[in-house]
Amino acid sequence: MKKKPCIICVAITGSVPRKSDNPNIPISISEQVESTQEAFEAGATIVHCHVRNEDESVSSDPARFEQLKIGIKKYCPGMVIQFSTGGRSGKGKERGGMLSICPDMASLTVGSNNFPTRVYQNSPKLIDWLASEMIKYGVQPEIEAFDLSHIFQAASMYSEGKLVGKPYIQFVMGVKNAMPVDREVFEFYVKTVNRILPNANWCGAGIGRHQRTVNEWCIELGGHTRTGMEDNIRMDRNNLASSNASLVNLTKDICEKYGRPVATWKKTRELLGIPIHLLS
Ligand code: ZN
């Protein structure tokens, strides 16, 4: 029997790594578009996007997001474009200022937790506002589950109609001071999603040296997965990643090991329930 295709998401830039950490990290819009195109050609079909200023500092400027979207649509036709509404890119409603540009998806964290040096604060009011903006602009959320309670929170938001569409839940593991990379917890996350959100797709992201471990667990257990330089800048202990595409290739190798075909962009949109936005 043919196994279920695996969607590979590439998180190209993030808000933490700098050129001084890895000179290959794409920062400018043109570098980001080029890096996304390479990753798309390697097999990634979702791109998770943050934008930066020229000096590499984080930005939440909707104009930059728009430029990036235009470039990706041109060079990666069909790829699912996902913007980050994460807390490192802006404050309060700034985090959702680019939703009106109508990306296919946006990340959404539905609870708070600790980050390496601070509290990752997501108040119920801000979460509800971001969710309502996503409904308004037809943007599908990717729920970032940093904790078990976030899966339950997402389920109740779907049942209350505060979130719509096919749920896509991402387990994030390995952020310092948040949930570690733990196999039993991971399996319990999968079991819980299957129980309380039976129509959901799920995926996982591991941070730093744990990226490949989480990729492997996702692929082995039938989920989807995320790679890219936002989460990890290394190929292995001794070598920096030369590109986002090189990390996508590592993930593809794991898919091959477990007999999972890599989802095409068409299959990805079918699995996620995201049509092509013809007019945006
Ligand atoms: Zn991100």
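Predicted model: local features only at pLDDT ≥ 70, side-chain atom pairs only at ≥ 80, totals over all residues.
**Stop 1: the barrel.** Show the strands as a cartoon. Eight of them form a closed barrel with parallel pairing, in the order S1-S2-S5-S6-S9-S10-S11-S12. Neighbouring strands of this sheet are turned by 25 degrees against each other on average, direction ignored.

**Stop 2: S9 and S10.** Select residues 140-145 for S9 and 168-173 for S10. The two strands pair in the parallel sense over three bridges. Now pick Ala-145; its bridge partner in S10 is Phe-171.

**Stop 3: the core.** The largest nonpolar core has 78 residues. Select Val-10, Ala-44, Val-47, Ala-154 and Ile-169, which touch the most other members. Stay on Ile-169. Which residues is Ile-169 in contact with, leaving aside neighbours within four places in sequence? They are Ile-143, Ala-145, Ile-151, Ala-154, Val-193, Leu-197, Ala-200 and Trp-202.

**Stop 4: H1 against H2.** Move to residues 29-42 (H1) and 62-75 (H2). Their axes are 9 Å apart, and the helices pack at an angle of about 35 degrees. The crossing is right-handed. Show side chains on Ile-29, Gln-32, Val-33, Thr-36 and Gln-37 from H1. Facing them from H2, they meet Arg-64, Gln-67, Leu-68, Gly-71, Ile-72 and Tyr-75. By class, this contact has five nonpolar, five polar and one charged residues.

Definitions and conventions: Residues numbered from 1 in each chain as written. Axes fitted to C-alpha atoms, helices over the stretch in contact; angles between N-to-C directions. Helix = DSSP H or I, 4+ residues; strand = E, 2+ residues; numbered from the N terminus. Left-handed = near helix turned anticlockwise from the far one by under 90°. Contact = placed C-beta atoms within 7 Å. Nonpolar A, V, L, I, M, F, W, Y, C, P; charged D, E, K, R; others polar. Pairing = 2+ DSSP bridges. Core = buried A, V, L, I, M, F, W, Y, C linked by C-beta atoms within 7 Å. Buried ≥ 20, exposed ≤ 12 C-beta atoms within 10 Å, placed from the backbone.
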